[in-house]
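Student: I have a model open and want to learn how to read it. Can we go through it feature by feature?

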Amino acid sequence: MLLKIVKYPDPILQKPGEPVTEFNDELRKFVDDMFETMYHSQGIGLAAQQVGVAKRITVIDLSCGKDPADKRVFINPEIIERSGKLYDEEGCLSFPEIREKVQRAAHVRVRAQDLDGKWFEIDGEDLLSRCLQHEIDHLDGVLFIFRISALKRDLALRKIRKMQRDGTWD
Ligand code: NI
């Protein structure tokens with residue numbers, strides 16, 4: 001089932017997610033719907049807040065549905081190690097048309113639970129590292145435009161206000 005993607009400035013996007021405690025069919029269905037919604041919008045990462053649910057759940061697929069091995073679910077994820085630096089453009093399904101350069105760690109190690117509640121660890125480099133940091137930020141209620149300079153943020157917010165006025169940002 002396709003879910004509605006919430007756009008900035010919906011307040012849920014800045015709400016930290018509650019930890020998931022029940023690993024049941026409802027969770028599985030929700031994660032399936034998140035993947036379907038992300039693929040439909042050609043995204044590579046989606047956090048629960050972006051479909052209106054403040055819970056610590058994110059899905060990532062760098063292949064955008066082309067390679068089943070790239071389909072990843074992270075429940076209650078946390079970054080346990082970070083190193084190096086990356087500075088590259090990011091976009092977000094909650095900010096269509098907006099792309100900004102954001103500084104991130106080049107490598108992260110993340111601990112998370114899978115759909116059965118089993119803990120695992122994963123190392124992310126480059127794009128996966130960036131994507132993990134962007135999505136885990138979402139789960140903390142942190143948006144990428146708050147990781148850029150105030151000047152660039154003002155320009156981006158101005159662009160959004162213009163799109164709102166033109167009716168191209170609902
Ligand atoms: Ni995002």
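Student: How many bridges join strand 3 to strand 6, and do they run parallel or antiparallel?

Tutor: Start with the general idea. Strands of a sheet pair through backbone hydrogen bonds, either parallel or antiparallel. Here, 6 bridges join strand 3 (residues 72–83) to strand 6 (residues 107–113), and the two run antiparallel. Two strands count as paired if DSSP finds at least two bridges between them. Helices (H or I, at least four residues) and strands (E, at least two) are DSSP runs, numbered from the N terminus. One point on provenance: this is a predicted model, where local features need pLDDT of at least 70, side-chain atom pairs count only at pLDDT 80 or more, and totals for chains, interfaces and linings use all residues. Residues are numbered from 1 along each chain as its sequence is written, and side-chain values use heavy atoms, with hydrogens and water left out.

Student: Which residue in strand 6 is the bridge partner of Ser 83?

Tutor: His 107. Also in strand 6, Gln 113 stands opposite Ile 75.

Student: How many bridges join strand 2 to strand 3?

Tutor: 4, and these strands also run antiparallel. Val 59 stands opposite Val 73 of strand 3.

Student: What is the strand order of the open sheet?

Tutor: The order is 1-2-3-6-7, five strands with antiparallel pairing. Strand 1 (45–47) and strand 7 (119–125) are the edges, each pairing on one side only. From one strand to the next, the twist averages 40°. For such angles, axes are lines fitted to C-alpha atoms, for helices over the stretch in contact, and angles run from 0 to 180 degrees between N-to-C directions.

Student: Where does helix 1 lie?

Tutor: Helix 1 (residues 25–40) lies across strand 1, strand 2 (57–60) and strand 3, at about 45° to strand 2. Helix 2 (residues 126–139) packs on the sheet too, touching strands 1, 2, 3, 6 and 7. Its direction makes about 125° with that of strand 7. Contact means heavy atoms within 4.5 Å.

Student: How do I read a pocket, and what volume has the largest pocket?

Tutor: Rolling a probe the size of a water molecule over the atoms shows where empty space is left. The largest pocket has a volume of about 370 Å³. On a 1 Å grid over the protein atoms alone, a pocket is an open set of points where a 1.4 Å probe fits, with protein on both sides within 12 Å along at least five of seven lines; lining residues have an atom within 4 Å of a point. Of the 21 lining residues, the closest to its centre are Ile 44, Glu 90, Gly 91, Cys 92 and Arg 99.

Student: Which element gives the most to the lining of the largest pocket?

Tutor: Helix 2, with 6 residues. Strand 4 (86–90) also gives two or more.

Student: How many helices and strands has the protein?

Tutor: 3 helices and 7 strands. From the N terminus on, they run α-β-β-β-β-β-β-β-α-α.

Key:
Grid points are joined across faces, edges and corners, and a volume is the space filled by probe spheres set on the points.
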